[in-house]
Amino acid sequence: ASGALAGLVTAAIVAAMVLIGPAINLRAMFLNATPNLYTIITFKLGVVALLIIGTAISAAMAGLRLLPAALRRAILLALAVVVLVGLLQDLLRVMLQGWGVMANLFLWMFAPRGLTIPGAIVVFVLVAGGNYLWQRQREKVQKRIRALPPAGQRNLRIASLGALVVIMLLLPQVLGPYPSEVMVLTGIFALWGLGLNIVVGFAGLLDLGYVAFYGIAAYIMGVLTSPEISFMPFHLGFWEALPFAVGGALLSGIILGIPVLGMRGDYLAIVTLGFGEIVRLVTLSDWLKPYIGGSNGITRIARPIVGPWELSTPQTLYYLVLAACLIVGFIAMRLKDSRMGRTWMALREDEDVAEAMGIHLVGTKLAAFATGAAMAGLGGAIMAGKVSSIYPHSLHLLISINILCLVIVGGMGSIPGVIVGSLILVGAPELLREFAEYRLFFYGALLVFMMLRKPEGFWPEATHMRELHKDENLAAASG
């Protein structure tokens, strides 16, 4: 009843706009308030139909709360997938074009604008049915897996890992150029996120100037490889310049770390923010213009070459980014469980206690800044080779903010969380680029929802989850 009342009130507000629209010029406030829009809003059936449909839909959605939890989750997931497939139908059409006969089996689901009614029903039934059956059988499957002998569990993990590797290798050839471009960009942000996760997630050092390390590595790559740089007596290839770019970023991380060793919290964030802006303004200065191009930047940066192949297309660059993510992810996983990783986490929890326990704060902080900067440098070098250019205007503060957001959204301190955060905050907006500025509306709404409902992130680290749900755990233990 409450849902029906809410739907009726909401539909009445929209109906009022439709009724007063022809009498009052609403286009001064709402540019798209046209008769065509009013017709679409009322489903071409009139205001009364709008009230009835709005009330019925809202009552039905509220009625989902009366269903069993498993069935409710299956229905909500299926509705979300139907909406997503309808929104992305143009992209899906392009992806399916290379599938031959299979493409014809799928394309019948799409109308000129979204899904056909039979297509929407099929997608809904498949997703809802599959999810409901999985929820019913999940515990049985997990029990069977746990009942396997150690050799069987190991073989199952190896088979699952092998299947995942095959899928990851075939993805760019199956999906096509544009989805591969999105995956490349997502992977590069994941690289940066893995590095910042060490600084912020492991060591608890808030760094808002992280873009500076990416910029330093990209400019070193440009200076060493671009034929536009005339003062260089020789020019290197991408692979020869890569160690210098990563080493330069690592050295800059140490240089930044030295003056901020005694700072923490907001003061550290302000200093690192200033460092990022200093790097951007220095690249714009006339003082270095003869060497790094000033506002014109550096172009014609060497692209990565493997044997006879130049990695210049999204479908080839994908493999380089995937390899870099796997290497950096492996290093981050090994560091997390190492002596240094535990030292970083002790530093994150309480610097004073960590120092009292014998932890050397100077070396620990410098190691965190240097490691994170080196990973940012690797991502910056790959990005410079990908676009074959670097400009001062590419070093915006917004890049640092976006990287920090994906670390928080995925779950600070969580390595899989960084990948999830990259997919949500970088991959999804790129796929929704056809919606122009409205995609940023969904971006902001997602951040607000996550901070309210899942402050620990979508794939949180166990320690952070315990901290943020401490009261709930104590209540459950006492109850």
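Predicted model: local features only at pLDDT ≥ 70, side-chain atom pairs only at ≥ 80, totals over all residues.

Select Leu 71 to begin: this residue is partly exposed, with a relative accessible area of 30%, where buried means under 20% relative accessible area, exposed over 50% and partly exposed in between, computed with a 1.4 Å probe on protein chains only. Leu 71 lies in helix H4, residues 69-87; helices (H or I, at least four residues) and strands (E, at least two) are DSSP runs, numbered from the N terminus.

Residues are numbered from 1 along each chain as its sequence is written, and side-chain values use heavy atoms, with hydrogens and water left out.

Zoom out to the whole chain. The protein chain has 22 helices and six strands, and its C-alpha trace spans about 75 × 60 × 50 Å along the principal axes. Of its 479 residues, 40% count as buried. Among contacts (heavy atoms within 4.5 Å) between residues at least 6 apart in sequence, 72% join residues at least 24 apart.

For a pair on another scale, select Pro 22 and Leu 250, which are 228 residues apart in sequence and 64 Å apart in space, C-alpha to C-alpha. Pro 22 is in the loop between helix H1 (2-20) and helix H2 (35-41), and at 68% relative accessibility this proline counts as exposed.

Next, select helix H5, residues 89-96, where Gln 89, Leu 91, Met 95 and Leu 96 are buried. These four cover an arc of only 155° around the axis, which puts them on the same side of H5; the arc is that of the directions from the helix axis to the C-beta atoms.

Which residues have the most contacts inside the largest nonpolar core? They are Trp 192, Leu 196, Tyr 214, Met 221, Ile 298, Ile 382 and Ile 390, in a core of 83 residues. A nonpolar core is a set of buried Ala, Val, Leu, Ile, Met, Phe, Trp, Tyr and Cys residues joined through side-chain atoms within 4.5 Å. The largest share of this core, 13 residues, comes from H9. Apart from it lies another core, of 10 residues, among them Leu 96, Met 109, Val 123 and Ala 128.

Stay with helix H9, residues 177-202, and select Asn 197, which has its place there. Is Asn 197 buried or exposed? Asn 197 is buried, with a relative accessible area of 1%. Leaving aside neighbours within four places in sequence, its contacts include Phe 202, Val 407, Met 412, Ile 415 and Val 418.

Move to helix H18 (397-410) and select Ser 400, whose place is in that helix. Ser 400 is buried, with a relative accessible area of 1%, and it touches Leu 208, Gly 209, Tyr 210 and Val 211, not counting residues up to four places away in sequence. Ser 400 and Leu 196 are 204 residues apart in sequence, yet 9.3 Å apart in space, C-alpha to C-alpha.

Now display the second largest pocket, which holds about 630 Å³ of space. On a 1 Å grid over the protein atoms alone, a pocket is an open set of points where a 1.4 Å probe fits, with protein on both sides within 12 Å along at least five of seven lines, and lining residues have an atom within 4 Å of a point. Of the 24 residues that line this pocket, the closest to its centre are Leu 185, Phe 189, Ile 399, Asn 402 and Glu 430. H19 gives the most to the lining, with four residues.

Finish with two backbone angles. Most residues other than glycine have a negative phi. Ser 388, in the loop between H17 and S6, has a positive phi of about 60° although it is not a glycine, and this serine is buried, with a relative accessible area of 13%. Arg 300 also has a phi near 60°, but this arginine is exposed, with a relative accessible area of 53%.

Definitions and conventions:
Points joined across faces, edges and corners; volume = space filled by probe spheres on them.
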